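Open the model in your viewer and keep the selection panel handy. We will walk from one stop to the next.

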Amino acid sequence: MSVSDTEIDTSLQGLTSIEAEQRLKQYGLNALQEKDVSILWRLLGYFWGPIPWMIEVAAILSALVQHWADFGIIMALLIFNAGVGFWQEFTAGNAVAALKKQLALTARVLRDGRWREINAQQLVPGDIVRIRLGDVVPADVKVVDGNYLSVDQSALTGESLPVTKQKGDEAFSGTAVKQGEVVAEVSATGGETRFGKTASLVGQAKTVSHFQKAVLTIGNYLIYVSLTLVVSLVLFQLHRGTDWLELVQFALILTVASIPVAMPAVLSMTMAVGAMALSRRKAIVTRLESIEEIASMDVLCSDKTGTLTQNRLTLGKIELFQARDEQAVLQAAALACRAEDNDAIDQAVLEGLANQTFLKASRQINFIPFDPIHKRTEATIINPDSKTFQVTKGAPQVIMALSDLSDKERLRAQQVVDAFAEQGYRALAVARKVQGMHQWQFLGILSLFDPPRQDSAQIIASAQEYGVAVKMLTGDNQSIAKQIAGKLGLGENIQLASALSLDDDGRRDGSDGECVEQTDGFAEVFPEHKFSIVQLLQKRNHIVGMTGDGVNDAPALKQADVGIAVSGATDAARAAADLVLTAPGLSVIITAIEEARRIFERMNAYAIYRISETIRIMVFVVLTMVFFEFYPITAIMIILLAFFNDVPIMTIAYDQTGMEKQPVRWNMRQVIIVATAMGAVGVLGSFGMLLIAMGWLQLDVAQIQTYIFLKMAVAGHLVLFVARTKDYVWKRPWPAPVMIWSALITKIAATVLAAYGFGLITPITWPEIALIWGYSICSAMLTDVVKVQTYRHLQNSGAKHTRFHTR
C-alpha cells in the first residue's frame, strides 16, 4: 500500500510495535497477492468448449445406444486431449510466484526505538529501515539520512548503469544495492510498490492464442455442417417412418464422423515435436500454442540492455590531452580503481588496459571511493621506483576544475564531453598529480558504453528478411538508444516513452497506435509503457513478440503473443515467457521462426485434410441414405477409419515441409474453400465407386459397405499427401519417410481386413481390392489438380482485390 507524505505520521525514531501492527491491518502485508485457481477447476476447463462438447455428445450417444467400444475410444481421446493441454499449463510455471522470489526476505527496521531484523513482509508505510551494500531494497522507500546509495535497477527499469539515490530520492523495491548506506522511510509496500505494479501487470496480461481461435473456427464450421446434415437426414427418416433408435444410431454415426476427435491431439503432437527440436537448439517452449504465434509474428519488441547489448560497460574512444598515449590514460585510470569493489566502470577500465605489469608493480597506499558529492575516485600510488603520486578519475567537470587547463583546452574538453553525450557515451576524465605539485595534470577523457552483442545486427537483419519488424524498448536515455539503434541497423526514429498517452494506471488511451507502428523504438521506458506498446500493436492486428531478461519485461512478455526470455533472464521473465533461451545471443530466435513456420505448414495441411475428410464422409453418407436408403458404412467401420486415418496422421509432425519467407497466419477462408473443394471431389469419387459396386460388380449391401470402407481408408491417407503442399504432390519437398511408412502399414492393414473380414466386416475379393486401390490413386491425382487450381484461383482473386484497393 502507498501513502502520501501527509498521511505518514512517523519520525526518525521509527514506529512502535503497536503502530506497526495497526498499519499492517490497514495496509496489508508487504507481499504480492495472487488469486489462486484450484487444480481441479483448471483441469475441468479443458472439458469445456465447442470441440470437447462435440466429443462429449458423441460419448453420450454411444452410451445411450450401448456401443461401449465406441464410448471407450471416444472417452480416451477426450481425456488425452484434456491431459495434454492441462499438463502444458501446469508445467509452464507462474510468473507471479517467480516475482515473489525477487523480494527481499528480511529487513533491518527501527521499531520501539531500536534496530531489529524482521521479515520483509511485516514492513508497513512509515517504517524506518537501514539499507546498505549487498541488500535488496525491501519496499519502495524515500532516503531520509545518509550520504548516498548506488542501486542497480536495470531489472526493473532497464537502465544499464547504476543509479545514485541521495536524501529525498526514492529507491524501488527489489533493486540491488551496489554501494553506500542510508536510512530510509518506507513509502509503499506490496502491490503498491513499482515492483508490485509490475507483478499486477503480469496478472492482467492475457491473450487468446490464434491457434485456439483457428481450432474453434474449424470446430464451429464442422458443427454447422454436421447439424445441417443431421437435421436434413432426420426429417427424411421421419418421413419414411424410421424408428427413433435408428435415428439415434445414425446421429451417432454422423456425430463421430463430423467430430475432429484427434485434431487437438494431432496439432498438439505437431507442436510438441517442434518444441523438442527447438530445445535441442537451446530454446525451451513453455506454451505449445506459442509455436504457431512465432510463425505469425510480424513485430518483435526487444529490450536493449542485456538483450541487444551485452549489459557490460566497455571502453570506447579515448581523447588525449596531456598524456603521451591512450595506454598512459588507461594506466592512470586503472590505478584509480579498486578491483575488489566490482564496480562496472572500474571493470571496464581494467579490461581495457593492455599491459598490467606496471599496475601490479605499483602499490596503492590510499584510496577514496566515488561518492555523489565529490563525483570522483582518488588514489595515492607508490610506483616501482618508490616515487609517490596521485591519480583521479570521475565526472569531467569535476576533474577539469581540479586541473591546470588553458581556456582552449577547457573548451575542447567540453566539446569532447558533449560529443560523447550525443553518441550516447558516458564520459570519464582522468588526471594525475606528482607529489608536491598543487595542480593536477589533465591526461584525457575516456568514453564508456554498453556495446551491442556481436550477433545482434545480423539477427535483426535476418528477422527483417523474414518480414519481422524489430523495435527497441529501453529504459536508457534517448541519445544512448539512438546510438545503439544506429549501430544495429534499426533506424534512429527513437521516441521518448513519455510521448505515449497513458492515464494514471498506466493504460494507453488508444490514440498512439500509429505512432508505435512507425517508430523504431522507445527510450526511457517503464514497465507500463512496454505493456501498453504491446497492447497497442496487438490492437492494430499485429502478432507481437517481446524479448527481455528483467523483472521490468515480465508484464510485456506475458501480454505479448510470443514472450521470449533471453539467456540469464530473471525467474520472473522466464516464467512470463513462452520461449526461454538458454544460450547467449538471439540467433536461436531466427531458428525458432523457421521451425515455427514449418510447423505451421504441417498444422495447416492437417486442418485442410481433416475438414475435407469430414465433408467426404458425411456428405456421401447422407446423400447415399437419401437416394439409396441404406447405410453405406457401419458404425464400427467409422471407428476403424478413425484408427486407420487419424492415429497414424500424427506422423505429420515429422513431415518435411517448405517455409514461407513472410509471417504466416491462419487464413480460414482459404482453408475452408480448399478443403471443401477437395472434399467435393472425394464425394464425387465415392459415388463413382458406389455406382461401380452396385451396377457393374453387382455386390450386396454388406459387400458394398466393405468396398466403401476400403476406398475411404486408402483414399483418406492419400488425401493427406495431397493436402500437405500447395503445389503438385510429386514436387519437393517430399514427405518424410515416417509418413510414407505409416501410410503403407495402415493401408495394408485395412486391405487385409477387407480381404478376410475377421468377423468385423464382410470380406471382398482381391480383384475388387485392386480396383479400389487403382481408383483411389486416380481420385487422389484428380484431387491434387483441383487443389492446385483452387489455390491459384484464390491467389489471383486476392491479387486483384489488392490492386483494386491500392488504386
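Two strands count as paired if DSSP finds at least two bridges between them. Keep that in mind on this tour of a predicted model.

**The whole chain.** Start with everything shown: the protein chain has 29 helices and 22 strands. Of its 807 residues, 54% are buried. The chain exposes about 35,100 Å², and carbon and sulfur atoms supply 57% of that.

**The sheet.** Next, select the open sheet of 8 strands, which runs β9-β22-β21-β20-β10-β17-β19-β18 with mixed pairing. Look at β9 (283–285) and β18: they stand at the edges with a single partner strand each, so one side of each has no neighbour in the sheet. On average, neighbouring strands here are turned by 20° against each other, direction ignored.

**A strand pair.** Now pick β17 and β19, which pair in the parallel sense over 2 bridges. Select M472 and you will find it opposite G521 in β19.

**The helix on the sheet.** Which residues of α19 (478–488) are buried? Colour I480, A481, Q483, I484, A485 and L488 to see them. Their cover includes α12 (304–308), α18 (456–465), β17 (469–473), β18 (494–496) and β19 (521–523). Following α19 comes G489, with a positive phi near 75°.

**A surface patch.** Finally, select I740, W741, L744, I745 and I748, a nonpolar patch on the surface with about 520 Å² of accessible area together. I748 lies in helix α28 (residues 737–756).

Key. Residues are numbered from 1 along each chain as its sequence is written. This is a predicted model: local features need pLDDT of at least 70, side-chain atom pairs count only at pLDDT 80 or more; totals for chains, interfaces and linings use all residues. Side-chain values use heavy atoms; hydrogens and water are left out. Buried means under 20% relative accessible area, exposed over 50%, partly exposed in between (1.4 Å probe, protein chains only). Helices (H or I, at least four residues) and strands (E, at least two) are DSSP runs, numbered from the N terminus. Contact means heavy atoms within 4.5 Å. Patches are made of residues with over 30% relative accessible area and no salt bridge: like charges are joined within 9 Å, nonpolar side chains (Val, Leu, Ile, Met, Phe, Trp, Tyr) within 5 Å. Accessible areas come from the Shrake-Rupley method with a 1.4 Å probe; for residues, only the protein chains shown count as cover. A salt bridge is a side-chain nitrogen of Lys or Arg within 4 Å of a carboxyl oxygen of Asp or Glu. Axes are lines fitted to C-alpha atoms, for helices over the stretch in contact, and angles run from 0 to 180 degrees between N-to-C directions.
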